[in-house]
Amino acid sequence: MSARDVKYLTFPGELLLRILQMLVLPLIISSLITGLSSLDRKACGKIGLRALTFYACTTVTAVVTGIALAVLIQPGKSTRTASAYPSGDSAAVQSVDSFLDLIRNMIPSNLVEACFRRYKTVYVTISVINMTETSENNDRVPVQGSLDGINILGLLIFSVALGLILGSMGTEGKLLRDFFACLNKAIMSLVSIVIWYAPVGTLFLLAGQIVKMTNTGEIGRAIAMYNLTVITGLLIHSLFTLPLIYFIITRKNPFRYMGGLLQALTTAFGTSSSSATLPVTLHCMEENHNMDKQVTRFMLPIGATMNMDGAALYEVVAALFIAQVNNMDFNLSQIIVLSLIVTAVSTGSPGIPQAGMTSMMIVLTSVGLPTEDISLLLIFDWILDRLRTTTNVLGDCIGVGIVQHLSRRELHVA
């Protein structure tokens with residue numbers, strides 16, 4: 001098929017990508033502001049601080065696990081020669097500038113501009129005449145530039161700050177809290193509608209990718225290795241990292257504790273939705289483990305929307321996989337940016353089936369990766385979605401057990 005024919009073939013898939021790109025920004029902003037502004041200040045004492053600390057630590061751990069596996073296994077590495085970054089002093093300067101760009105993008109000077117443009121250092125050559133040696137030197141000087149695309153990091157930082165401030169304003173901030181809660185509900189309803197169209201769009205995107213493939217066997221091997229990498233990371237996080245954290249803090253058998261959660265975990269696997277699993281999770285924690293309702297009713301609803309360990313691990317592996325498929329080597333500063341974005345985006349991900357597509361669009365756009373390659377990830381996403389949802393729910397339940405153990409004195413007094 002000609003390039004024109006392929007373009008026409010992938011048009012229904014292009015529409016899907018455009019719809020997702022349209023929804024990602026209001027979805028993540030409204031989700032973050034709604035989730036953080038709804039935190040009860042009285043509940044957010046020591047119990048709330050411990051809960052949020054646990055969520056942050058496990059999400060970062062999941063991201064680090066995903067990065068380590070993707071770098072070690074390199075599921076998307078092809079036989080083609082990868083592009084190399086320049087070495088020497090120039091590379092060191094670029095690394096420093098990219099790190100400074102990260103900080104600059106975290107604090108955008110214009111929120112409206114941040115919706116379609118982000119800061120990017122560019123270099124200009126300035127000739128400097130040395131009067132003593134009567135020679136001319138050319139210096140590459142970093143100056144302000146820009147790059148098309150959403151400055152998602154700056155918008156996320158602003159959303160987190162605004163959400164926390166609205167939560168501390170009490171009745172004065174109720175009107176704005178209700179607005180973002182309504183916006184979040186409306187956007188999630190739109191996402192649910194788009195999900196019905198997603199299989200059609202994905203089918204045409206995938207068909208276009210298959211037609212363009214010059215080495216089908218190599219791509220097939222890469223996709224198989226990608227799925228193996230994600231599943232390995234989820235198993236490590238679920239069966240080693242989380243139980244180890246639980247054992248170190250509580251000195252109890254984590255697998256006996258996990259045995260009382262089988263109903264919630266199987267429901268999570270079947271529904272692919274941590275939000276839909278919430279009633280079963282509450283039942284398992286309160287009836288099987290006799291957990292205090294103060295802890296379960298506070299942590300589990302927040303965890304269903306904010307604690308996305310499985311999604312974070314999946315997204316960071318997927319981003320590095322697409323980078324490897326396109327022979328793009330990420331340096332340390334780029335990996336740091338990726339981990340920060342994935343941590344923030346996964347925190348605001350909606351707990352509904354197949355919602356990972358919207359989050360992945362943000363991650364890929366933020367780090368400059370081609371969004372059309374998302375079709376490669378969706379072939380086996382139905383099983384990965386169920387596994388990462390199960391990991392998310394397990395992380396929520398482990399967190400309840402740990403926080404209740406650490407807060408037993410406060411709960412006893414109450």
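The legends below describe close-up views of a predicted model. Residues are numbered from 1 along each chain as its sequence is written, and side-chain values use heavy atoms, with hydrogens and water left out. Because the model is predicted, local features need pLDDT of at least 70 and side-chain atom pairs count only at pLDDT 80 or more, while totals for chains, interfaces and linings use all residues.

View 1. Leaving aside residues up to four places away in sequence, Leu377 touches Tyr226, Tyr314, Ala318, Phe321, Ile322 and Met360, where contact means heavy atoms within 4.5 Å.

**View 2. Helix α11 and the helices it packs against.** Among the buried residues of helix α11, which covers residues 278–288, are Leu278, Val280, Cys284 and Met285; buried means under 20% relative accessible area, exposed over 50%, and partly exposed in between (1.4 Å probe, protein chains only). The buried residues of α11 pack against α9 (254–259), α10 (262–271), α12 (293–306) and α17 (381–406). Just after α11, Asn290 takes a positive phi of about 55°.

**View 3. A network of salt bridges with Asp381, Asp385 and Arg388.** These three residues are linked in a network of salt bridges, each salt bridge being a side-chain nitrogen of Lys or Arg within 4 Å of a carboxyl oxygen of Asp or Glu. The closest N and O atoms are 3.2 Å apart between Asp381 and Arg388, and 3.4 Å apart between Arg388 and Asp385. Arg388 and Asp385 both lie in helix α17, three residues apart, which is about one turn of the helix. Asp381 and Arg388 are both buried, and Asp385 is buried as well.

**View 4. The salt bridge between Lys174 and Asp178.** The side chains of Lys174 and Asp178 meet in a salt bridge, at 2.8 Å from N to O. Because they are four residues apart in helix α7 (residues 174–212), Lys174 and Asp178 are separated by about one helical turn. Lys174 counts as partly exposed because its relative accessibility is 44%, and Asp178 is partly exposed, with a relative accessible area of 38%.

Note on methods
Helix = DSSP H or I, 4+ residues; strand = E, 2+ residues; numbered from the N terminus.
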